[in-house]
Amino acid sequence: MAVAFASVSAVATATTGDVTVTKPTGLTVGDLMICFGLSNGASATFNLLAGWTSIQTNFIPNGTAMTSRAQYKIADSADVAASSFVFSGTSDSKSAVIYRITGHHPTSPINTSVYDARIDTANWADNGGTTITPSVANCLLLMFTGLKPGTLAISGQAITTSNPSWTEDFDNSTGPTIAGAHASRPETTATGAVIANSTGDATTDWHIIFIAIQPPIDVTVSPSVINATGAVLTPIITGGAVVSPSVINAIGAVVAPSKMGQADWSTQDKSDTASWSNLNKS
Amino acid sequence: MASSIFGNFLLKGFDASTKIDLTTDTIKVALADSTYTPNTQTHDFFDDVTNEEAGTGYTAGGATLATKAWTVASATVVKFDADDVSWASSTITTRYAIVYKSTGTASTSPLIAIIDFATDRTSDEGTFLISWNASGIFTLTY
């Protein structure tokens, strides 16, 4: 089964304090949940939720001070039973979503990831800071972008090498601006730089988290058939004669006994022309 | 080494005490890693096979072959074939597949054939599939 995007929660925002993200629809045990969150403030944090694993996080004080974080968890029964997840941090404005992914590697879903940031940039098209190189084929790529608060929109997500078809999953401009897109890419070559465009402001400040989610690795072995040859060996012939042995016939014979009944055979005439007769008439 | 039948397959196959019925006996395929050193001349029973695979999703002794067929394929060839065999949700790194008759006891389970994958082959939480050749697992030409 291919690793695939399944659903994404509604974007949750909070002006201060915790942000509560609803559970993505259809969540079942074993699904991969990935949360992307952005917090905006002079010393903003976006905390790692207990039981989750951080993928990338960074705080950039320059320009619009922001912290972004991507974190993941393999859903268990408690997660499936929950209705929402609460992410904490400093008392700053926050935005967050949770993705639901299926068909991923069940124990090591993250193949590779990268974080990068820019300030005062209209569009994102750097020269390699966001490249990643998936080590296995058919990874699902997730591109998360976080921008300073404002009425911004993000579009045109792409990569520079073997660019697949991208689907934008959400684009939120309420509070810290976040957007996410996904694409499946069969290649294991470097992606090259991420490309994304913003509209609504001449320049903005960017956070990018770019992730490759790996599928389980299958292998098919197709061996050649083993050919074994049986042969009747030619006998070695010496002396120049062709020997063609006949079959060996074993003959069983009944051996004549030395006496037959009680007859006593003897001879009376010892001459060369003697004839035999039975003296005992019994 | 090249893939091969074991010499003792024929020897044991015609031995009344270890005879091999490729159709009705339990024939298994086991996996071993690259540290196993096959010897098709001297290795006769499964207890000679070392470094059997022990990864997730693999059961010691290997998998039982299903739909076995030991047939005359042509005027000069007899063929042994079976269904493909796989280990789902497995994490396996292996070099050799060993076909053998399983008696339930390694020391009395005669070896039949060995397939050398040439390099290590790996599954990671995925399906390890051996897709047998269209011509069979092995043939005997006479």
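This briefing covers aromatic pairs and prediction confidence in the structure above. The model is predicted: local features need pLDDT of at least 70 and side-chain atom pairs count only at pLDDT 80 or more, while totals for chains, interfaces and linings use all residues. Residues are numbered from 1 along each chain as its sequence is written, chains are lettered from A and ligands numbered from 1 in the order in which they are written, and side-chain values use heavy atoms, with hydrogens and water left out.

**Aromatic pairs**

- Over all chains there are 17 aromatic pairs (ring centres of Phe, Tyr or the six-membered ring of Trp within 6.5 Å; planes under 30 degrees apart are stacked, over 60 edge-to-face, the rest tilted).
- One of them joins B:Phe9 and B:Phe138 edge-to-face, at 5.5 Å centre to centre and 75° between the planes.
- B:Phe9 belongs to helix α1 (residues 7–13) of chain B and B:Phe138 to strand β8 (residues 138–141) of chain B, so the pair ties together parts 129 residues apart in sequence (helices, H or I, of at least four residues and strands, E, of at least two are DSSP runs, numbered from the N terminus).
- Both B:Phe9 and B:Phe138 are buried (under 20% relative accessible area; exposed is over 50%, partly exposed in between, with a 1.4 Å probe and protein chains only).
- A:Phe5, A:Phe36, A:Tyr99, A:Phe144 and A:Phe170 make up one aromatic cluster.

**Confidence in chain A**

- The average pLDDT of chain A is 85, and 82% of the residues score at least 70 (pLDDT is the predictor's confidence in each residue, from 0 to 100).
- Residues 255–270 of chain A have pLDDT below 50, with 14 contacts beyond near neighbours in sequence (heavy atoms within 4.5 Å).
- Where pLDDT is low, the predicted coordinates should not be read in detail.
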